[in-house]
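Work through the exercises below with the model open. Try each task before reading its solution.

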Amino acid sequence: MIRNPMSQNKPASPLLWGAVALGALGVLGSYAIAGPERFWANWVLWFVLIFTLGLGSLFIVALEHLVNAKWSVPVRRLPERLATLLIPAIPIGLIGLGALPVLYPGARPEAAHHPILAGKAFWLSLPFFSVRTLIAFALCLIGLAVLVGGSMKQDATKDPAFNFRARRFAPAFMAIFALVITLVAFDWISGLTPEWYSDIFGVYVFAGAFLSGLAATVLSVLYLQGQDRLEGVRADHLYNLGAFLFAFTVFWSYIGFAQYMLMWYANFPDEVIYYKVRLAGSWRAITIALAALHFILPFFALVTREAKKDPKRLRRVAYLMLGAHVLDMYWLIFPVLGAKPHFSWPELSFALFFLGGILLWIRGAMQKGEDMPVGDPFLREGLEFRL
Amino acid sequence: MHSLTMETITMPETTPMPARSFAVLGLFDTPNALMKAIPQVRVANLGTVEAYTPYPIHGMDEALGLRRSPLGGMVLVMGILGALTAFGFQYWISAIDYPIVTGGKPPSSWEAFIPIMFEVMVLFATFTAGLGMLFLLNKLPFFGHPVLSSKAITGITRDRYGLAIEAESEAFDSTAAAQALKEAGAVEVEILPAPDRSPFLTSDFILRTLGGIFAACVVSGIVMFLTIKWFPLLAPMKYMQDQPRLDAQRASAFFKDGHGMQMPVAGTVARGYLPTATGTQEAAVALVNPLPRTREVFAVGRKAYANRCEVCHGAIGNGVGSLTAAYGGKPANLQAQQFRDYPDGKIYWAIVNGKNAMPSQAADLTETQRWSVVHYVRALQRAQNAKDEDLKVATP
């Protein structure tokens, strides 16, 4: 619980800053050379990745307050810190609004004459799209302030009133969360193909967001344990995180397959085109890889009881899940550029720039507040958690 | 049952021991004392060590050295087996045994099999988990575990902690076991005799089971009877009964014009109902019989002729049918030279459009049947006017 003095005041990693600088060059170059469409597709991809990671982490925090979980109190600070990624996600998203006239057919002036899009033109138009995005960001900030800000303040005040406040706020946040993740999924991702629609799409994106938040939480727990900063967190806590990870790989594939099967069965041209594109040419291989990496591999990697407690195994699966989430969002967004999957230096530059940025942000966030919520009256009970 | 004090253990020869004992049970006052005693008792290696406590104690599994339950592996194997079974069933039914095109999909569409595979996997897995746990691992049916009839059981279910050394073989030494428990700090030691009869399939058990089944039948029968009697119209969902239905030749509110039967869409033809030959009989000369002269075609033609033509034209086509005598009509004699000279198309035209008093047969004979009848009429004509070479063919 007492912070390791060695871990403080570490010099900012020159390697990360170098990666960000190099990536920034590539990002700017890609706009000039590879064209605005490719640039904005990459930008939207990374906005969605950062946003879902932050929102997924915030969902974990809210879920723990909602069900009054005690076991998770010692590790709760880590998703709280990861949720602060929502702060840089806001400017990235606001810049990303520039993608609307380029990538989103519903926001172009031609939409008014399109037989299907004309009816949705107001909803998909740039002004209303921006308003919805701003509302989503504002709701996220409220959640962040109440759940994360309140918890950080509790470190000093040790006031148990926060727990009651958070428990009352958590159900309201669940409604907010459902609204925000659905808006972002419908607007930013399925808005790329506005003639296609799926009711379950928000839930599908939620499953991926929750998994990416969980995987990042597992990695931060293992990272801080490696620095001896989470004294008292044991295999029992890891087991619960691993069990969540395991369960939600199944949930993701359940939702993903349910959406696919119904559309495949009904075979309506306007619905099934979404999968027709993704099952043709090189995209077919990516679709199969996604099923293997996002479901089959992690499912069998985590199926035994021992695997969920094994730090080595958990670390590998957590990296795998983050990678699979990137692939998942790539699979959702990039077909907008055409029948061939694009992957070369612009994508690598964006990855370098944003991954470097995310890691720098998380490094900073990992120094915020105590490593455990020391003001939480249930911390002791959480530390004594045994399976 | 014997509750042994320290004195009786030191003088075992004075105590009449039961022939076989199930276990020796030691009682402890605190969980800590129990946990401390476990390693000592296990080292003595006298039998299986088992703990009986009022609530789960953390670290007990490791202290007792319990093996990992094989249940997880069993469930995994049976789950996979269930999924494969469901896949095999569906594949066999829909792709091999009775392939029907459903929704325009290929017969072996794995996507459609997945929900059933999932359900059967869950079914196999849960049954394996439940029944495997109860019958395979916990050895049901096993009524009256000896510990349940011990004196210590009231304490064990309240505030005391039992540790038992259970007999593994005939060579179990209950005295040594009791001694070991005492030395490990048990405040009280009790020897549990083995059950004196097989706990399984006693007449008592059989009677109780049959009685239970009978009682369940009676109770559920009465409940069912009363439910149907008191709530006869309790239909939770009857959309399938209430859906709009079309009856032939009846008015219906389903379509705007109130007709149950609708005209076909303009410019379309129902499958198998191509329009029949039109125009004059002379124009029909150009039509060619599309059917080959095979045994099957003649059989179809013979049956159709018998059903639709024979009453007037007669069995051999000479215009003397059973109806002609009754009504005095004069149907065509198909054996006449005029009709023997007819090309196939003109006979076909007459079947479709009718001629003189003969009505059209188009509604009653399909395209195939009409052309088969043409072949059959030709055969009738040939049979009545056979040439010499026909006879040669018949007697090779």
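## Exercise 1: Overall form of chain A

Task: Compare the radius of gyration of chain A with that of a compact globule.

Solution. Take the radius of gyration over C-alpha atoms; the globule rule is 2.2 Å times the number of residues to the power 0.38. Chain A has 387 residues, so a compact globule would come out near 21 Å. Chain A has 21 Å, which agrees. Along the principal axes, its C-alpha atoms fill a box of roughly 60 × 45 × 40 Å.

A note on conventions. This is a predicted model: local features need pLDDT of at least 70, side-chain atom pairs count only at pLDDT 80 or more, and totals for chains, interfaces and linings use all residues. Residues are numbered from 1 along each chain as its sequence is written, while chains are lettered from A and ligands numbered from 1 in the order in which they are written.

## Exercise 2: Secondary structure

Solution. Count DSSP runs, numbered from the N terminus: helices are H or I with at least four residues, strands are E with at least two. Chain A gives 15 helices and zero strands. Chain B gives 16 helices and five strands.

## Exercise 3: One glycine

Task: Is Gly369(A) buried or exposed?

Solution. First locate Gly369(A): it is in the loop between helix H14 (345-365) and helix H15 (379-383) of chain A. Now count neighbours. A residue is buried if 20 or more other C-beta atoms, placed from the backbone, lie within 10 Å of its own, exposed if 12 or fewer, and partly exposed in between. Gly369(A) has 21 inside 10 Å, so it counts as buried. Across chain A, 41% of the 387 residues are buried.

Finally, list contacts (C-beta atoms, placed from the backbone, within 7 Å). Leaving out residues up to four places away in sequence, Gly369(A) touches Arg77(A), Met152(A) and Asp155(A). The C-alpha atom of Ser151(A), 218 residues away along the chain, is 9.2 Å from that of Gly369(A).

Notes. Two residues are in contact if their C-beta atoms, placed from the backbone, lie within 7 Å.
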